[in-house]
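Please read the numbered points with the structure open.

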Amino acid sequence: MDAFVLLGSFLGLMIIGMPVAYALGLAALVGAWWIEIPLDAIMIAIASGVNKFSLLAIPFFVLAGAIMAEGGMSRRLVAFAAVLVGFIQGGLALVNILASTFFGAISGSSMADTASIGSVLIPEMEKKGYPRDFATAVTVSGSVQAILIPPSHNAVIYSLAAGGGVSIAALFLAGILPGLLLGLTLATMCLFIAKKRNFPKGERIPMRQAIKICVDALWGLMTMVIILGGILSGIFTATESAAIAVIWAFFVTMCIYRDYKWNELPKLVHRTVKTLSIVMILIGFAASFGYIMTMMQIPQQITALFTSVSDNKYVVLMMINVLLLVLGTLMDMAPLILIMTPILLPVVTAMGVDPVHFGMIMMVNLGMGLITPPVGGVLFVGAAVAKLPIEKVVKALYPFFGALMLVLLAVTYIPALSLWLPNLLLK
């Protein structure tokens, strides 16, 4: 009955149109009232939820990504990717995916990736003879890499939702191979489609121009080296690396590229703060919701429910995958991580699944939700950039969903994909 009151009030508030963050907070209040916990405890849980040093990584990474995105980095990354793979048949599709790999390693945001890369490449691909819906599908699906490849904001949120016991550095390293596998799978599929549909080849870029493009892009790509290199060398923590990344992004954008005007910086900071205020409210209210779930022993009940169906961890992981895929189509990624991690993590850890590995499983699952109707935020951004109906983009995405599903199965059932690098470099 306790779980019904808490989850029922949350779902009821969502159905009547209440924003997710406020629905979590109000449901926590209802749950506290039901089990007769002082409401002061909810306020303390909210304050504790946002009073964590590791959370500083999120605003710094978001700001660094925003500076680089609006400072001309996406255009330079597209040009750099074109030097590497643009001359192949269907090369512009590969350029799109590779540019998303690079940009995801700077921004950590699928939406920023889709908006930045899409605005450059979707019109260019159409001009070169690619269907606009196909170009949009490539852009949208390729942007899922940003969720896996460090610095992923969602990895920081997962670490927080897991109680802070999962290392952010380990999660960053764990996302590298799954992210690259996703890019490689999408690229292979695009090569097959390009041959089947006879998409055009690109032109080779002259050596002198190619060197200039590579040097120009190198400044932005150094952000990846700063973030991962600093963490792995022990020079600074993940949070400190985020702050250094902001300084580097600011230096490169304003002093090297100089495409961004100084008088536009306050607007950029304002947009970043506005985005972060929403995220922090969500994290605080989700912490209070998780606290009430713990007091009601809901995670233990869910564990018992799953183990009553099967004690085989592979079967349980499959059931969790189905659950997360369905939920991912109905709710945004960040609130789902905050809600579902405290519920599902005890289930899988009791069966011997590593928390870092499970984090990658969640990222791929919920990343697919971002490009799936009816609530897929990245899908809507891609359709808006391309000026296409959602239905047409979804139809073009069908083969890409198949590729993503293969990656999900590989990440779920081959733990080494997620754990090899963290075990190699951090232990």
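1. Accessible areas here come from the Shrake-Rupley method with a 1.4 Å probe, and for residues only the protein chains shown count as cover. On that basis the chain exposes about 18200 Å², and carbon and sulfur atoms supply 69% of this area.

2. The model is a predicted one, in which local features need pLDDT of at least 70 and side-chain atom pairs count only at pLDDT 80 or more, while totals for chains, interfaces and linings use all residues. Residues are numbered from 1 along each chain as its sequence is written, and side-chain values use heavy atoms, with hydrogens and water left out.

3. The chain holds 22 helices and zero strands; helices (H or I, at least four residues) and strands (E, at least two) are DSSP runs, numbered from the N terminus.

4. What are the overall dimensions of the C-alpha trace along its principal axes? The trace spans about 70 × 45 × 45 Å. The radius of gyration, taken over C-alpha atoms, is 22 Å, which agrees with the value near 22 Å for a compact globule of 427 residues; the globule rule is 2.2 Å times the number of residues to the power 0.38.

5. Of the 427 residues, 55% count as buried, where buried means under 20% relative accessible area, exposed over 50%, and partly exposed in between (1.4 Å probe, protein chains only). Among contacts (heavy atoms within 4.5 Å) with a separation of 6 or more, 78% join residues 24 or more positions apart.

6. Thr 412 belongs to helix H21, which covers residues 390–413. Is Thr 412 buried or exposed? Thr 412 counts as buried because its relative accessibility is 1%. Its side chain makes a polar contact at 3.2 Å with the side chain of Asn 321; a polar contact is a pair of N or O atoms within 3.5 Å, and within protein one must be able to donate a hydrogen and the other to accept it, residues adjacent in sequence counting only if both atoms are side-chain atoms. Beyond neighbours within four places in sequence, Thr 412 is in contact with Leu 317, Asn 321, His 357 and Ile 361.

7. Thr 114 lies in helix H7 (residues 110–127) and, at 1% relative accessibility, is likewise buried. With neighbours within four places in sequence set aside, its contacts include Thr 139, Val 140, Val 378 and Gly 382.

8. Asp 40, in helix H3 (residues 39–50), is exposed, with a relative accessible area of 57%.
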